[in-house]
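Dear colleague,

Please find below the structure that I am handing over to you. My notes on what was found in it follow directly after.

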Amino acid sequence: MSPLIVLLLYVSAVGSDSHSLRYYQTTVSAPGSGLPEYSYIGYVDDREIVNYNSDSGRYRPKVQWMEKEDEGYWERETQKGKQYEAISRYNVRTVMSHFNQSGGFHVHQVIHGCERRDDGSITGYEQHRYDGREFMALDTQTWTYVPTMAQAQITTQRINSPEVQAGERYMNYLENECIMLLQKYVENGREDLERRVRPQVKVSGQEKGDTMKLHCQVYGFHPRAVDVKWMMNGEDEVHSYETSHVLPNPDGTYQIRVSAEVTPKEGDRYSCYVDHSSLEEPLSVVWERKASRVWVIAVAIIVGVVILGIVGFLLYKCKLRRRPPIEPITVQPIEFPELLVQEAMENHSSPAAH
């Protein structure tokens with residue numbers, strides 16, 4: 001998927017009962033980028049439903065519920081895809097000429113679609129981008145194209161002319177074909193598009209000098225629309241210094257991370273607030289400051305020493321219990337023969353002994 005498409009995907013249905021049909025047409029000026037030279041991808045809300053590109057040369061379903069369409073439908077759309085590809089290859093060269101470019105790698109993208117909101121109102125848009133920047137866009141109040149770069153003025157003058165009136169044609173597409181297709185696709189994929197999966201929430205903190213970076217990771221939820229923010233003492237909203245786009249997970253659910261940088265004070269209580277259509281009431285997950293790492297290490301050392309002392313004492317006691325008892329020593333009297341005793345007495349009394 002083109003990085004440009006990823007950047008624009010966050011514009012989607014924002015209410016639980018609103019739905020949108022959007023198409024992303026991307027053309028690159030030269031091969032070798034790893035992207036198809038031309039692609040045309042359709043989305044209902046944020047689900048990719050159809051895909052045509054220059055590599056496959058076929059218009060194909062990307063979700064099971066789109067396979068309900070018959071073979072004739074896919075053949076007709078494939079032929080349209082080939083026509084759009086030829087026109088888009090010409091258009092990217094035309095835009096390059098407006099910038100006096102004759103070569104290099106460039107990307108031209110057209111995004112258009114319609115949306116039915118919660119209150120039943122409809123809206124639509126068409127936007128042209130070149131190398132990641134807006135080139136021109138359709139003003140849905142006047143149904144004319146407005147240049148957002150000086151190089152787009154020639155193009156907008158031509159398509160706004162009475163002979164072409166491209167904006168008027170788009171108004172007819174929005175009010176008729178686009179909305180009818182959206183209603184049809186939503187009905188076919190309602191079970192998938194409107195399923196509800198509760199979000200999981202994980203909070204953490206990272207010390208940075210006197211400040212603390214708080215992170216709230218919300219993941220595993222469906223549908224895509226979600227409201228996530230940090231709160232202080234349950235009332236004051238904390239300014240978020242970093243918020244990621246809502247990103248898809250491989251299982252069809254979504255994730256987002258919201259971070260805030262704060263200076264915690266005694267008595268302050270920070271919590272991550274999450275509101276989602278799958279919840280009966282919003283979640284509030286409190287962040288609790290953990291003990292500093294130094295204290296954790298010190299306590300761990302003390303506990304380790306105490307445990308080693310107890311284990312050593314128990315081993316010593318066990319060793320004493322297993323030692324065999326000491327037998328008493330009996331001293332036997334020495335018996336001297338009678339002859340030796342008499343001889344010793346005689347020698348003691350003899351003058352020669354002195």
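Which residue just after α2 takes a positive phi? That residue is Asn 100, whose phi is about 60 degrees. Before the details, please note that this is a predicted model.

Confidence

The chain has a mean pLDDT of 83, with 78% of its residues at 70 or more. Residues 1–15 have a pLDDT below 50, and this stretch makes 40 contacts in the model beyond near neighbours in sequence. The pLDDT is also below 50 over residues 350–354, a stretch with two contacts beyond near neighbours in sequence. Where pLDDT is low, the predicted coordinates should not be read in detail.

Helix α2

Helix α2 covers residues 71–98, which makes 28 residues. From first C-alpha to last, α2 reaches 41 Å, close to the 40 Å expected at 1.5 Å a residue. The N-terminal end of α2 is capped by Asp 70, which places a side-chain oxygen 3.2 Å from the backbone nitrogen of Gly 72. Several residues of α2 are buried, among them Tyr 73, Trp 74, Gly 81, Val 92 and Met 96.

Glu 85 is another buried residue of α2, with a relative accessible area of 12%. Its side chain meets that of Arg 89 in a salt bridge, at 3.0 Å from N to O. Both residues lie in α2, four residues apart, or about one turn of the helix. Unlike a residue under the 20% cut-off for burial, Arg 89 counts as partly exposed because its relative accessibility is 32%. Glu 37 joins Glu 85 and Arg 89 in a network of salt bridges.

Other salt bridges

The structure has twelve salt bridges in total. Side chains of opposite charge can pair when their charged atoms come close. One of these bridges links Glu 194 with Arg 190, whose closest N and O atoms are 2.9 Å apart. Glu 194 is partly exposed at 24% relative accessible area, and Arg 190 is partly exposed at 34%. A further bridge is formed by Asp 192 and Arg 195, with 3.6 Å between the closest N and O atoms. Here Asp 192 is buried, with a relative accessible area of 18%, whereas Arg 195 is partly exposed at 26%.

Disulfides

There are two disulfides in the structure. In sequence order, the bonded cysteines of the chain pair as 1-2, 3-4.

Cys 114 belongs to strand β5 (residues 107–116) and Cys 178 to helix α4 (residues 166–188), so the link ties together parts that are 64 residues apart in sequence. The torsion about this S-S bond is about -95 degrees, and the disulfide is therefore left-handed. Cys 114 is buried at 1% relative accessibility, and Cys 178 is buried at 0%.

The other disulfide joins Cys 216 to Cys 272, at 1.9 Å from S to S. Cys 216 sits in strand β10 (residues 211–221) and Cys 272 in strand β16 (residues 270–275), so parts that are 56 residues apart in sequence are tied together. With -80 degrees about the S-S bond, the link of Cys 216 and Cys 272 is left-handed. Both of these cysteines are buried.

With kind regards

Note on methods
Residues numbered from 1 in each chain as written. Predicted model: local features only at pLDDT ≥ 70, side-chain atom pairs only at ≥ 80, totals over all residues. Heavy atoms only, no water. pLDDT = per-residue confidence, 0-100. Contact = heavy atoms within 4.5 Å. Disulfide = S-S within 2.5 Å. Helix = DSSP H or I, 4+ residues; strand = E, 2+ residues; numbered from the N terminus. Buried < 20%, exposed > 50% of the residue type's maximum accessible area, 1.4 Å probe, protein only. Expected span 1.5 Å × (residues − 1). Polar contact = N/O pair within 3.5 Å; in protein donor to acceptor, adjacent residues only side chain to side chain. Salt bridge = Lys/Arg side-chain N within 4 Å of Asp/Glu carboxyl O.
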